[in-house]
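Visitor: I'd like a quick tour of this model and the molecule it holds. Can you take my questions one by one?

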Amino acid sequence: MAIITGGASGIGRASAMLFAREGARVAVADVDRDGGGTVAAAITSEGGVATFIPCDVIDAEDAVRLARATIDRFRQIDVLFNNAGIAGVGSVEETDEALWDRVMEVNVKGMFLVTKAVAPYMIERRRGVIINMASSIAFVGLARRVSYAASKGAVMSMTLSMAVDFAKHNIRVNAICPGTIHTPFVDRYLRDFYADPEQGLEEISRRQLMGRLGTAEDVANAALYLASDEAAFMTGAPLIIDGGLSGTK
Ligand SMILES: NC(=O)c1ccc[n+]([C@@H]2O[C@H](COP(=O)([O-])OP(=O)(O)OC[C@H]3O[C@@H](n4cnc5c(N)ncnc54)[C@H](O)[C@@H]3O)[C@@H](O)[C@H]2O)c1
């Protein structure tokens with residue numbers, strides 16, 4: 001049984017669909033009620049088991065409600081995929097305090113709050129897997145991303161810390177670090193920051209050795225691996241899926 005935050009769109013959506021196809025029962029948690037409901041319905045129509053639970057990850061009460069509703073419905077939580085996140089584009093000069101606060105709140109505090117709400121149910125069973133969505137930006141400098149880079153660096157460090165604290169409870173905690181993945185998140189960036197989004201897409205595609213952006217399914221497959229017993233000896237680690245962005249020049 002897996003909770004996927006930000007499951008209404010992009011990587012979260014692809015992960016919810018893949019996990020369900022692999023037999024997991026899925027709780028799709030998101031602020032986007034329409035999108036979340038659509039994903040849960042798509043899984044159900046394929047014969048899978050899914051439910052949508054509305055949740056704003058920055059609201060501590062929502063996080064507790066998410067954990068309780070999941071337990072009420074599924075009796076257990078095996079996997080928490082902390083995937084919800086937002087973009088923050090801008091250098092120091094371009095970033096105002098409100099953007100900084102918002103990005104840190106959703107990407108970092110939201111992950112802490114949901115984990116805090118869910119972990120007791122994993123500790124009780126002495127079993128669980130937590131997957132935190134970081135980014136290759138935790139390791140590679142990218143222009144005009146000061147708030148976003150800070151948030152994903154924090155996610156990476158938080159993952160290491162959680163892995164130590166939860167190891168004694170038989171809970172593994174790892175991070176996924178994608179490069180640029182073609183989701184609505186990137187489409188919004190191309191629309192907002194390039195006069196010609198098509199040309200922008202070509203430009204950012206060249207950053208990857210593969211010469212293309214990643215797909216949501218590329219990342220979902222990595223999440224599936226981390227969630228599985230095949231990754232039993234993996235904890236406190238980044239799984240980098242970036243088409244060669246960070247490892248090569
Ligand atoms: N797309 C990329 O290039 C890329 C690269 C590296 C990391 N990531 C990370 O992957 C994650 C998913 O990104 P995506 O590309 O699928 O984006 P997306 O915008 O397609 O999906 C993000 C989802 O998170 C939800 N969300 C946002 N704020 C929320 C909140 N406060 N509470 C609950 N849900 C919330 C949105 O409603 C949306 O459904 C993010 O954490 C992002 O930072 C994306």
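This is a predicted model: local features need pLDDT of at least 70, side-chain atom pairs count only at pLDDT 80 or more; totals for chains, interfaces and linings use all residues.

Visitor: Which helix gives the most residues to the shell around the ligand?

Guide: Helix 1 (10-21), helix 5 (146-167) and helix 6 each supply at least two residues of that shell. The top contribution is four residues, and it comes from helix 6.

Visitor: Is arginine 188 buried, partly exposed or exposed?

Guide: First, find arginine 188 in helix 6, which covers residues 184-193. Buried would need under 20% relative accessible area, and exposed would need over 50%. Arginine 188 has 42%, so the label is partly exposed.

Visitor: How far is an N or O atom in the side chain of arginine 188 from an oxygen atom of the ligand?

Guide: Arg188 is listed among the residues that come nearest to the ligand, along with Ser9, Asp30, Tyr148 and Thr183. A polar contact needs N or O atoms within 3.5 Å. The side chain of arginine 188 makes it, with a distance to a ligand oxygen of 2.7 Å.

Visitor: How many residues of the shell around the ligand are nonpolar?

Guide: The shell has 30 residues around the ligand. Nine of the shell residues are polar and five are charged, while the nonpolar ones number 16.

Note on methods. Residues are numbered from 1 along each chain as its sequence is written. Side-chain values use heavy atoms; hydrogens and water are left out. Buried means under 20% relative accessible area, exposed over 50%, partly exposed in between (1.4 Å probe, protein chains only). A residue is near a molecule or strand if one of its heavy atoms lies within 4 Å of it. A polar contact is a pair of N or O atoms within 3.5 Å; within protein, one must be able to donate a hydrogen and the other to accept it, and residues adjacent in sequence count only if both atoms are side-chain atoms. Ala, Val, Leu, Ile, Met, Phe, Trp, Tyr, Cys and Pro count as nonpolar, Asp, Glu, Lys and Arg as charged, and the others, Gly among them, as polar.
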